[in-house]
Structures are given as C-alpha cells and as structure tokens.
Amino acid sequence: MTFAGNDEEEGLVVVMPAPLLGLAKEDLKGDYVKLGGDDLGEDNRFVSGCMSASSSELSYEGNSRCWSLWWWAKLVLVLIFVGVLAAVFLKWVGPFFMDKEIIPILNWETRTFSTPVLAVLVYASVALFPTLLLPSTPSMWVAGMTFGYGFGFLLIITAVPIGVSLPYFIGHLFHHKIQSLIERNPKNASVIRLAGEGNWFNQARAVTLIRISPFPYIVFNYCAMATGVKYCPYLLGTLIGMVPEIFVTIYTGILIKTLANASQEQRFLSAPQIILNVLGFSFTFITTVLITVYAKRRLKELQRDEELLLQ
C-alpha cells in the first residue's frame, strides 16, 4: 500500500509505502500527510518485540529439548553404571562376602530355628525394634530369604502398625522435650511440621511423602506426634509410604539367598540368572531413586505452599 502526497511549491509527487513509514495523522489545514516519527517508532518497537518473542520461544524450545535429551542420556549412563556394578558384585564381591558372612549366618539360622519360629521372630523384631531405636531392615531381609514376596510382605506389613504406633504413643510422654529437640534443627523441623498441617487427607499425604523420602524412619516415629498429626492419617500414610521400602528389602533378601545358594553349592549363576538379577537390581535401584526424588520434590512444593500461606 502506498500513499501519494503533492508538494505545492515544487510540484513533486511523493509516493511512500505506508506500512514502512507509518501512516501519519492528516493535517486539517492541508491535504498533505505528515510522516509520524512516533508512529514509526511504535511500529519498529512492535516488530522488534515480535522478533524478540519469537527468538525467546525458539530458545526456550531448544533449551527444553536439550535438557530432555541430557536427562535421558544421564539416565542411560546411570543404568549402565548400575548394571556394571551389579555384574561385578554378582561375579566377585558377592560370592566372597557370602562365604565369609552370609552363609554361616544362614546355616546357624536353619539349624537353630524352624520356619514358624522364624516367622514369630521376624514379626516381633519389626514390631518392637523401632521402639528400641534399632533398625528392622535385617529382619525384613530374613523375611525375603525365608518366605519370599507373598508371605514375607504380609508378615512385615502387619507388624509395621505396631512398630510405628508404640513410639507415637510413647512420644506423648515426652511431648515438650521432643518439640524442643525439633526446634534445634529448623531444616528438618519444617519437613516434620508438614505432617500436622491441613485436613485428614493432607496429613496422610505428607506422612506418606516423609516415609518415602530419606528422612530417618525411627526418628519420625517419635517426632510425628509433636507435629499434631492425627493417629489415623499417620498410620495410613505410614503403611502406604512403607510399601516401596518393604518390596526393596524383600527383593534384597531374595537376591542374597540366591547368591548364597549358588556360592554354597560351588556353582556359578547361569547367564539368564545373571541377566535377570542385574536387570532386577537395576530396576529396583532406579525405581527407588525416582520415587525418592519425587517425594523430596513434593515435600519442597508443600513447604513453599505453606510459606506462601503464612505470608
């Protein structure tokens, strides 16, 4: 589109492209058009803004694509590293450790206790050790080695409510003391307090995330009551959050038993067994890491939301 204007003094006709120079305002006293410098600047700024927006969008898409590729590359490298580590362990480290430590313990356990007695011991240790500030993970390994996934999981999941309830109720006797200990560590205190915030659902969700995260299991049993969390959401969140850990420990026990049997019988695992064990170990490790990272991220988001509400 062009615009023609007459120059009265010299008789010249000026033809100008309107979009490039910008249509100016018409002067009421004459029939000529003034070229608007301001309008030209606005047009230039508009075009420049569009170009900047386009370039920023392209840059964002490129960065997002590069970040996605880098994330998958890191995941592949981690899988390769874990697979190599698992193969080395299964080939050399595992058999040596089995001969010196695990096999003698298993032989003593088999000679000393029957299967029903082992079930009672595993149940009692998972139920009572957390109250005594003792880890119950070795007992879960024994459950995996002796009973496998099915009965081993049922044995552990039914003992967990006792193991987390006793410290919860005992903590009421030392309520003020526990609160003062929590206040001395503000970073962990902000995480623990999330368990007592909001309604029933929010409390259960926060307890679940805390159980999945690397926060110390035994410590939280005693500190939970100081946050004001109700018992029902505390127990429900604990049972849900403990499921990944239970399956990991049972799988570890089964893997230990497989390696111990192979070492005791003086035979090597077959290629399919090694591959399956390596894949299972890698999958378990990666799944645990991803679930833990997700739980930590969600806890941070809940902390930010709580801080915004308090402002």
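Guide: In this predicted model, the part you are asking for is helix α10, which with four residues supplies the largest share of the nonpolar patch. The patch itself covers about 360 Å² of the surface and is made by Val78, Phe281, Phe285, Val289 and Val293. Of these residues, Phe281 can be looked at individually: Phe281 lies in helix α10, and its relative accessible area is 30%, so Phe281 is classed as partly exposed, a class that lies between the limits of 20% and 50%.

Phe81 and Ser282 are separated by 201 residues in sequence, yet their C-alpha atoms are 9.3 Å apart in space. Phe81 is found in helix α2, which runs over residues 37-112, and with a relative accessibility of 56% Phe81 counts as exposed, because exposed means over 50%.

Helix α10, which spans residues 271-310, also contributes the largest share, again four residues, of a patch of positive charge. On the surface, that patch gathers Lys187, Lys296, Arg297, Lys300 and Arg304. Among them, Arg297 is found in helix α10, and its relative accessible area of 54% makes Arg297 exposed.

How many salt bridges are there, and which residues form the pairing? The count comes to one salt bridge, in which the side chains of Arg298 and Glu301 meet at 2.3 Å, N to O. Both partners lie in helix α10, and their separation of three residues corresponds to about one turn of the helix. Glu301 has a relative accessible area of 26%, so Glu301 is partly exposed. Helix α10 therefore carries the one salt bridge and also gives the largest share, four residues, to the positive patch and to the nonpolar patch.

To set the helix in its context, the protein has 10 helices and two strands, and from the N terminus the elements follow the order β-β-α-α-α-α-α-α-α-α-α-α. Of its 311 residues, 35% are buried.

The structure holds nine aromatic pairs. One of these joins Tyr168 and Tyr234, whose rings are stacked, with 4.8 Å from centre to centre and 25° between the planes. Tyr168 belongs to helix α4 (residues 137-170) and Tyr234 to helix α9 (residues 231-264), so this pair ties together parts that are 66 residues apart in sequence. Tyr168 and Tyr234 are both buried. Tyr234 has a further partner in Phe220: the ring centres of Phe220 and Tyr234 lie 6.2 Å apart and the planes meet at 40°, so this pair is tilted. It too links distant parts of the chain, with Phe220 in helix α8 (residues 217-223) and Tyr234 in helix α9, a separation of 14 residues. Like Tyr234, Phe220 is buried. Taken as a group, Tyr168, Phe169, Phe215, Phe220, Tyr231 and Tyr234 form one aromatic cluster.

Finally, the loop between α3 and α4 deserves a comment. Thr131 lies in this loop, and at 17% relative accessibility Thr131 counts as buried. The C-alpha atoms of Thr131 and Ile162 are 9.3 Å apart in space, although 31 residues separate the two in sequence. Leu133 lies in the loop that joins α3 (115-128) to α4, but Leu133 is exposed at 55% relative accessibility. The phi of Leu133 is near 60°, a positive value in a residue that is not glycine.

Notes:
Residues are numbered from 1 along each chain as its sequence is written. This is a predicted model: local features need pLDDT of at least 70, side-chain atom pairs count only at pLDDT 80 or more; totals for chains, interfaces and linings use all residues. Side-chain values use heavy atoms; hydrogens and water are left out. Rings of Phe, Tyr and Trp (its six-membered ring) pair if their centres lie within 6.5 Å; planes under 30 degrees apart count as stacked, over 60 as edge-to-face and the rest as tilted. Buried means under 20% relative accessible area, exposed over 50%, partly exposed in between (1.4 Å probe, protein chains only). Patches are made of residues with over 30% relative accessible area and no salt bridge: like charges are joined within 9 Å, nonpolar side chains (Val, Leu, Ile, Met, Phe, Trp, Tyr) within 5 Å. Accessible areas come from the Shrake-Rupley method with a 1.4 Å probe; for residues, only the protein chains shown count as cover. Lys and Arg count as positive and Asp and Glu as negative; His and the chain ends are not counted. The place of a charge is taken as NZ of Lys, CZ of Arg, CG of Asp or CD of Glu.
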